[in-house]
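Subject: Structure for you to look through

Dear colleague,

I am passing on the structure we spoke about, and below it you will find my notes on what turned up. Please keep it open beside the text as you read.

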Amino acid sequence: VGATNSTLTKIGPGAFVGALGLSAISVPNVTEIGSIAFAVNNLNVYSREYSSRFNFSNVTYIGKGAFIQAFQTFTGNAYAGQVNMFPNAVTIGSYAFASNRLTGGYFPKVTSVGEGAFIGWVGVPSMPLVTEIPSRCFLSAHFSSIGTDDFPNVESIGTAAFTWPEEYNLVYDKSQYVYLNRSAHSYNSAL
């Protein structure tokens with residue numbers, strides 16, 4: 001899919017749901033990706049070679065479930081790589097990247113994140129401007145650690161924001177947060 005010289009500025013809800021043949025997407029003029037726009041796909045971002053095939057450079061809004069179950073994993077490798085292709089995203093909707101086994105990502109301009117946005121991730125996405133981590137944001141995420149460097153401006157963490165099996169050890173400096181919901185890390189006895 002390419003729209004390099006296009007006036008296309010929005011990808012509507014469900015536009016590419018289940019389009020398993022997508023191997024490259026270049027939509028540099030698009031600023032908004034609608035709900036479930038690329039859900040249930042096979043997008044390959046495991047290596048730089050593949051992740052460079054996706055250009056969402058001017059996207060500021062990522063809708064609810066936009067990339068739910070969208071990123072490919074490989075047999076023998078349970079992880080799908082990192083998402084660093086949204087340098088101008090400001091808003092990430094609820095469940096936008098849920099059910100992807102992504103190892104991380106960098107979202108330098110994001111200020112708003114929806115509930116459940118990163119369910120099932122195995123790495124921590126860095127969002128330096130986020131002040132609130134909403135409820136269930138990282139449900140079933142499998143991090144070995146998380147620190148204030150990943151979310152340096154967080155002031156509150158919602159209910160069950162971090163829930164995962166007890167064998168994982170989450171480490172962060174609680175004194176850095178103004179408000180921490182009592183059950184934000186309810187399933188981790190190490191906290």
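Which side chain meets E115 in a salt bridge? It is the side chain of R136, with 2.8 Å from N to O. Please bear in mind throughout that this is a predicted model, and that the distances and areas I quote are computed from it. E115 sits in the loop between strand 9 (112-113) and strand 10 (125-126), while R136 sits in the loop between strand 11 (132-133) and strand 12 (156-157), so the pair ties together parts that are 21 residues apart in sequence. E115 is partly exposed, at a relative accessible area of 26%, and R136 is partly exposed as well, at 31%.

The structure holds two salt bridges, and E32 and K10 form a salt bridge too, in which the closest N and O atoms are 3.6 Å apart. Since E32 belongs to strand 3 and K10 to strand 1 (residues 10-11), this pair ties together parts that are 22 residues apart in sequence. E32 counts as partly exposed at 28% relative accessibility, and K10 counts as partly exposed at 44%.

Here is the overall picture. Of the 191 residues in the chain, 46% are buried. The accessible surface comes to about 8,700 Å², and 48% of that area belongs to carbon and sulfur atoms. If you take the contacts between residues at least 6 apart in sequence, 45% of them join residues at least 24 apart.

Leaving aside residues up to four places away in sequence, F56 touches I25, V27, I33, F38, F67, M85, F86 and P87.

The loop between strand 3 and helix 1 deserves a careful look, and N41 is placed in it. N41 is buried, with a relative accessible area of 6%, and a polar atom of its side chain lies 3.4 Å from the backbone oxygen of A39. Again not counting residues up to four places away in sequence, N41 touches F16, G18, A19, L20, L22, Q69 and A70.

I36 is also found in the loop between strand 3 (32-33) and helix 1 (48-51), but I36 is partly exposed, with a relative accessible area of 41%. Together with V17 and V40, I36 makes a nonpolar surface patch of about 220 Å².

F71 and V40 are 31 residues apart in sequence, and their C-alpha atoms are 8.1 Å apart in space. F71 is found in the loop between strand 5 (61-62) and strand 6 (82-83), and, at 7% relative accessibility, F71 counts as buried because the cut-off for that word is under 20%.

A colleague

Notes: Residues are numbered from 1 along each chain as its sequence is written. This is a predicted model: local features need pLDDT of at least 70, side-chain atom pairs count only at pLDDT 80 or more; totals for chains, interfaces and linings use all residues. Side-chain values use heavy atoms; hydrogens and water are left out. Patches are made of residues with over 30% relative accessible area and no salt bridge: like charges are joined within 9 Å, nonpolar side chains (Val, Leu, Ile, Met, Phe, Trp, Tyr) within 5 Å. Accessible areas come from the Shrake-Rupley method with a 1.4 Å probe; for residues, only the protein chains shown count as cover. A salt bridge is a side-chain nitrogen of Lys or Arg within 4 Å of a carboxyl oxygen of Asp or Glu. Helices (H or I, at least four residues) and strands (E, at least two) are DSSP runs, numbered from the N terminus. Buried means under 20% relative accessible area, exposed over 50%, partly exposed in between (1.4 Å probe, protein chains only). Contact means heavy atoms within 4.5 Å. A polar contact is a pair of N or O atoms within 3.5 Å; within protein, one must be able to donate a hydrogen and the other to accept it, and residues adjacent in sequence count only if both atoms are side-chain atoms.
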